[in-house]
Amino acid sequence: MSDVATSEGLEWATARGMGALAEKMGIAFTEFSIERSVGTMPVEGNTQPVGLLHGGAYVVLGESLGSMAANLHAGPGRLAVGVDINATHTRSATSGIVTGVCTPIHLGRSIAVHEIVVTDDQGRRCSTIRITNMIKDAPKAR
C-alpha cells in the first residue's frame, strides 16, 4: 500500500465524516485505504460500570472502520450498508487507547466483508469483529 493511497483515503474519510457516534466516542482514523484501515479510540469515556471498555464500544470502532472501508471500495455512485456484524471479545481494556486494524476478507461488486482486530496499548488482542456490507447503487438525489 502506498502513502498516496493512504493519504487519499484519509482525505476521503475526513471529507465524508465518521458520524456523530464515532465522534462522541473519540474515534480517530490514522490510516485509511481499501486494503487496510486503522483507527483508535480512548478507553476513558467508553466504559461499562465496572471500568472495562464496553463491548459495544469495540463494535462501534469495528463498524466505523469496516463500513467506511466498504464505502471507499464501493466507489462513486455506490453505497455500502451493513447487513451483519459479530464480535468476539477475548480481553478487556481498562485504560489507554485501543487500536482497530481493518482488513478485507472479500471485496466484491455487491458484498464486502472485513475483519477488524482491536488491540490494547500492549498490542494484546481484545476483540475480533467481522462485518458484512451490501453494496448497492446510491439513492438518486431528489
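**Close-ups of the sheet, its helix and its cores**

**View 1. Six strands make up an open sheet in the order β1-β2-β4-β5-β6-β3, with antiparallel pairing.** Strands pair if DSSP finds at least two bridges between them; helices (H or I, at least four residues) and strands (E, at least two) are DSSP runs, numbered from the N terminus. β1 (28-32) and β3 (78-89) sit at the edges with a single partner strand each, so one side of each has no neighbour in the sheet. On average, neighbouring strands are turned by 25 degrees against each other, direction ignored. This is a predicted model: local features need pLDDT of at least 70, side-chain atom pairs count only at pLDDT 80 or more, and totals for chains, interfaces and linings use all residues. Residues are numbered from 1 along each chain as its sequence is written, and side-chain values use heavy atoms, leaving out hydrogens and water.

**View 2. β5 (residues 111-119) and β6 (residues 125-137) pair antiparallel over nine bridges.** Look for V117, which stands opposite T128 in β6.

**View 3. The largest nonpolar core has 25 residues.** Such a core joins buried (under 20% relative accessible area, 1.4 Å probe, protein chains only) Ala, Val, Leu, Ile, Met, Phe, Trp, Tyr and Cys residues through side-chain atoms within 4.5 Å. I27, M41, L53 and V98 touch the most other members. β1, α3, β4, β5 and β6 each supply at least two residues, and α3 gives the largest share, eight residues.

**View 4. A second, separate core has five residues.** Among them are A70, A74, A112 and I135.

How values were computed:
Axes are lines fitted to C-alpha atoms, for helices over the stretch in contact, and angles run from 0 to 180 degrees between N-to-C directions. Buried means under 20% relative accessible area, exposed over 50%, partly exposed in between (1.4 Å probe, protein chains only).
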